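I opened this entry to record what I looked up in the structure. The notes follow in the order in which I made them.

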Amino acid sequence: MAERAPDGWTATEQALWQAFRHGRTLDLRTGTASGPRTGGAAEPRTGGADADDPFGEAVWDSGRTVRAEVLSRLLLDGPAPVPGRVASLKLTGALVTGPLRLAGGTIGHYVELHDCRFDQKILMSEAEAGTLRFINCLVPRLEASRLVTSGDLHLARCRIPQGVRLTDARIGTDLLLNQAVLGGDRFGRALSADGVAVNQDCEADRLVTDGEVSLRTARIGGRLSLRGAQLHSVPGNHNALNAVRLTVGHTLYLSGSADGGWYGSQTYYGSGYGEVPPPDSPTTPFRAFGQVRLSDGRFENACLLSDAEFHLDRGDEVTLRRIQTPELRFTCRFPAGGSVSLSRARVGNLVDAPGAWPRHGTIGLTGFTYECLRPAVPFSAHDRIAWLEGAAVEFQPESYEQLAAALRRDGADDDAREVLYAKQRRRRQTLPRPARIWGRIQDVTVGYGFRPGRAALWLLLAWALGSLYFATHELQPLKADERPHWNPVLYALGQLLPVVDLGQSGWNPGGAAQWVSAGLVVVGWVLATTVAAGATRMLQRG
């Protein structure tokens with residue numbers, strides 16, 4: 001291959017040709033020494049950082065301009081490297097004119113562009129590449145569906161007003177979108193990445209979008225991080241995040257991001273924090289201004305929705321239907337404006353807080369199963385019952401059974417009984433009127449069997465009334481020639497506890513006394529068995 005740039009190339013483009021052959025960076029920023037820099041130290045110019053801001057208003061002259069066809073020529077059919085060097089495209093501070101057409105091509109060289117402006121879109125659909133890094137660049141649109149890379153794809157701190165298309169792309173290692181700002185396409189999508197496969201991590205911390213982030217059927221081998229992201233839906237598309245059937249090999253983070261590590265950070269690729277912030281430093285929460293759809297997702301380690309805000313219109317939803325994960329953390333700053341659905345989700349540990357959940361029938365818990373409750377803040381049994389009763393308009397007994405079983409596994413038997421008691425009271429509201437009346441009687445008298453102390457009080461009251469009645473209505477003996485000692489108190493107790501012989505069985509009640517005796521027997525069987533069952537449970541716990 002030729003060692004000189006083709007005829008007709010500008011001086012800047014010829015300098016880029018040589019920098020490519022040497023594997024060096026061509027730095028065209030005005031903040032460096034006069035003329036293109038291809039490595040080594042440089043003296044500062046008077047232009048200043050504002051003149052080098054790719055998102056600013058400063059006009060970049062022809063000395064900083066490179067045609068997109070030059071980049072295509074270098075990447076698809078570039079010159080041989082200088083002996084002992086590795087050819088690579090490293091360009092900083094350039095204005096790239098024309099569409100960059102790499103679709104269907106094979107890019108065999110390392111690519112890294114910093115602080116560049118593109119005046120037209122980048123076309124990389126069905127291309128094959130190693131590592132591609134676009135850092136702090138202005139790109140009108142990136143078309144990269146079915147792109148295949150063996151290394152990283154970095155778009156950190158880029159601004160892409162017309163959005164990114166990565167449908168069915170295959171990223172060999174990491175996909176990085178930290179601090180990127182994406183606008184929407186004509187369908188209202190800022191990031192179209194349905195079916196994308198990322199072998200390791202996908203980081204989109206502090207991502208800002210005006211349009212849907214679509215990750216349907218995506219597969220992330222490591223973690224998917226949207227910490228501190230600000231996702232906005234647009235008119236005509238209510239979804240802020242659409243990630244149904246998403247598979248994440250480690251953890252999904254929809255959580256906050258500490259401010260101290262980002263503002264003013266000089267991290268090279270915009271990944272991670274510049275410095276470790278103190279524990280009490282302020283944070284920027286994850287915010288979604290539109291629907292969040294995670295239905296049928298699989299999160300192998302955890303799904304974390306903590307320090308998050310969901311700003312939803314009425315009728316919008318945070319959808320977690322049928323997700324599967326060892327741990328779900330739902331500790332939002334305040335309840336979502338719309339609804340939250342966990343129908344038929346399967347979770348190991350449920351870590352939550354009372355103030356995170358919406359109320360008034362806006363939680364879907366049908367078929368929701370979890371093994372353990374690990375509240376982030378105190379979450380009483382009464383709060384849990386309110387959580388269930390605020391879940392749906394219709395009575396769902398399985399939700400109460402699921403909660404009671406989880407409480408028992410944690411050893412909270414008293415709380416489990418409170419839940420089952422609440423289940424019976426809630427069930428009563430769904431019954432016909434006669435059944436509701438009978439249920440009310442059961443509730444008042446014995447608390448559906450979950451209030452043995454109440455039954456004991458009614459038992460004592462029946463004993464007292466029976467004793468008072470028989471004290472004024474002495475009975476006749478069964479046998480005229482045998483008259484045992486009459487004790488109205490023991491006789492009334494013997495009727496209430498018919499299995500116990502208190503020496504008062506020789507009396508023959510008749511008339512009204514017979515009805516009173518029968519009533520005491522019936523009341524005794526009902527109440528005494530309830531008290532005995534409660535005592536048995538207490539002894540078993542002991």
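I then asked which residues of α4 are buried. They are Ser399, Tyr400, Gln402, Leu403, Ala404, Ala406 and Leu407. I next looked up what covers these buried residues; the cover includes β42 (369-373), α3 (381-389) and α5 (413-428). After α4 comes Gly411, for which I noted a positive phi, near 85 degrees.

**Strand pairing around β27**

I turned to strand β27, residues 239-242. It pairs with strand β23 (residues 212-214) in the parallel sense, over two bridges. Within this pairing, I noted that Val213 has Leu241 of β27 as its bridge partner.

β27 also runs parallel to strand β33 (residues 291-293), and three bridges join them. Here I recorded Gln291 in β33 as the bridge partner of Asn239.

**Confidence**

The average pLDDT of the protein is 84, and 83% of the residues score at least 70. Over residues 32-46, however, pLDDT stays under 50, and the model has 29 contacts beyond four places in sequence for this stretch. Residues 263-274 also have a pLDDT below 50, with 36 contacts in the model beyond near neighbours in sequence. Where pLDDT is low, the predicted coordinates should not be read in detail.

Key:
Residues are numbered from 1 along each chain as its sequence is written. This is a predicted model: local features need pLDDT of at least 70, side-chain atom pairs count only at pLDDT 80 or more; totals for chains, interfaces and linings use all residues. Side-chain values use heavy atoms; hydrogens and water are left out. Two strands pair if DSSP finds at least two bridges between them. Helices (H or I, at least four residues) and strands (E, at least two) are DSSP runs, numbered from the N terminus. Buried means under 20% relative accessible area, exposed over 50%, partly exposed in between (1.4 Å probe, protein chains only). Contact means heavy atoms within 4.5 Å. pLDDT is the predictor's confidence in each residue, from 0 to 100.
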